[in-house]
Amino acid sequence: MSATAKLDEGTRARLLLALLGVTWGANWPAIKIGLSGMTPWTFRLISFTVGALTLMTVVKLTGRSLAVRGAMTWVQLFMSSVLNVIAFGVFSTFAMLTASTGSVAVVSYSFPVWACLLAWLMLGERLRGGALLGLALCLAGLVVLVYPVVGSVAVFGLTLSLASAITWATGTIYLKLIKIPGDVVANTAWQIAIAAMVVLACTLAFQGVEPTLHPIPAKALAAVLFNGIVGSSISYLLWYHVVGRLPATTAALGSLASPAVGVVASVLVLGEVPSTMDLIGYGLIFAAAMSVILQPRAVAPAPEANR
């Protein structure tokens, strides 16, 4: 493949990364609305189920195959689902019970800090140029946003948000290391389906049948359906596509546009008004995302098996 083609592939991946910031960011207020009418377990069960069905429909309509190549691929899909889908989705949703939408979004998206360190240690990726600037801006933004709420009642929610960030970072590096074979759309569909099955088991074990079948208000139902279609299918499909085509550092830092979009959406939809310090932190994080997305850097194409 020529250098021009590589640059084109990198440009497309960055555009998809920007789109991911919008789709994932819009889901934060949707989660808050959904939790007004159902438990976190019920929310995630419906969301992952709808997401899996949506992606499997896409697979069938596009003539792709849902076949999985061998037992090891199933293991890889399961591990990726646990790290990238289940842990992040469940932890961040429960975090919304005790912390504000903006706080959960920001702390959850501190995962690039951990991903950068893991990429440096395990993948040998160098932190330079836009990545170094983005990392510095990210750290500064996180300090500005997190420090004011340390010691408050939101500590439990922020702790869960941090857990989701660390597991997502680990999942990002895992994907870079193992290169799951097969079609990316089918693989994503199976990972969301695995998440739905695991959450179903957890829901029955920790919540029981009766609360799960409790009627859901129309507004909350619309929110969870939106999250399932956009957050648990389209967004994850974009994420796995981007991770396969950009360095882990670039993908991780670039996705920080998502909490910025989430904050704006929370203001418009939920009426959450950020403080001056919040705005400073949001600005720093948005600058971090842009510095990574716009850096002129060629990347290698994804393996043929993942296309």
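Residues are numbered from 1 along each chain as its sequence is written, and side-chain values use heavy atoms, with hydrogens and water left out. Because the model is predicted, local features need pLDDT of at least 70 and side-chain atom pairs count only at pLDDT 80 or more, while totals for chains, interfaces and linings use all residues.

Start with the layout. The protein has 14 helices and 0 strands. Helices (H or I, at least four residues) and strands (E, at least two) are DSSP runs, numbered from the N terminus. Of the 307 residues, 55% are buried. Buried means under 20% relative accessible area, exposed means over 50%, and partly exposed lies in between (1.4 Å probe, protein chains only). Contact means heavy atoms within 4.5 Å. Among contacts between residues at least 6 apart in sequence, 91% join residues at least 24 apart.

Now go inside. A nonpolar core is a set of buried Ala, Val, Leu, Ile, Met, Phe, Trp, Tyr and Cys residues joined through side-chain atoms within 4.5 Å. The largest one holds 76 residues. Trp28, Tyr109, Phe111 and Trp239 touch the most other members. Helix α9 (residues 184–206) gives the largest share of this core, 11 residues.

Trp28 is one of the buried residues of α2. In that helix (residues 27–35), 8 of the 9 residues are buried, so α2 is largely enclosed by the rest of the structure. Phe111 belongs to helix α6 (residues 111–123), where Pro112, Val113, Ala115, Cys116 and Ala119 are buried as well. Just after α6, Gly124 takes a positive phi of about 75°.

Next, look at Ile86 in helix α4. Ile86 has 10% relative accessibility, so this residue counts as buried. Leaving aside neighbours within four places in sequence, Ile86 is in contact with Ser81, Ile194, Ala195 and Val198. Ile86 and Thr167 are 81 residues apart in sequence, and their C-alpha atoms are 9.6 Å apart in space.

What about charged pairs? A salt bridge is a side-chain nitrogen of Lys or Arg within 4 Å of a carboxyl oxygen of Asp or Glu. A search of the whole structure finds 1. The side chains of Asp183 and Arg64 form it, at 2.4 Å from N to O. Asp183 lies in the loop between α8 (155–178) and α9, and Arg64 in the loop between α3 (40–61) and α4 (70–95), so the pair ties together parts 119 residues apart in sequence. Asp183 counts as buried, at 16% relative accessibility. Arg64 is partly exposed, at 33%.

On a 1 Å grid over the protein atoms alone, a pocket is an open set of points where a 1.4 Å probe fits, with protein on both sides within 12 Å along at least five of seven lines; lining residues have an atom within 4 Å of a point. Of the 20 lining residues, Ser100, Gly102, Ser103, Asp278 and Tyr282 are the closest to the centre. Helices α5 (101–108), α7 (130–146), α13 (257–270) and α14 (276–293) each supply at least two lining residues. α5 gives the most, with 4.
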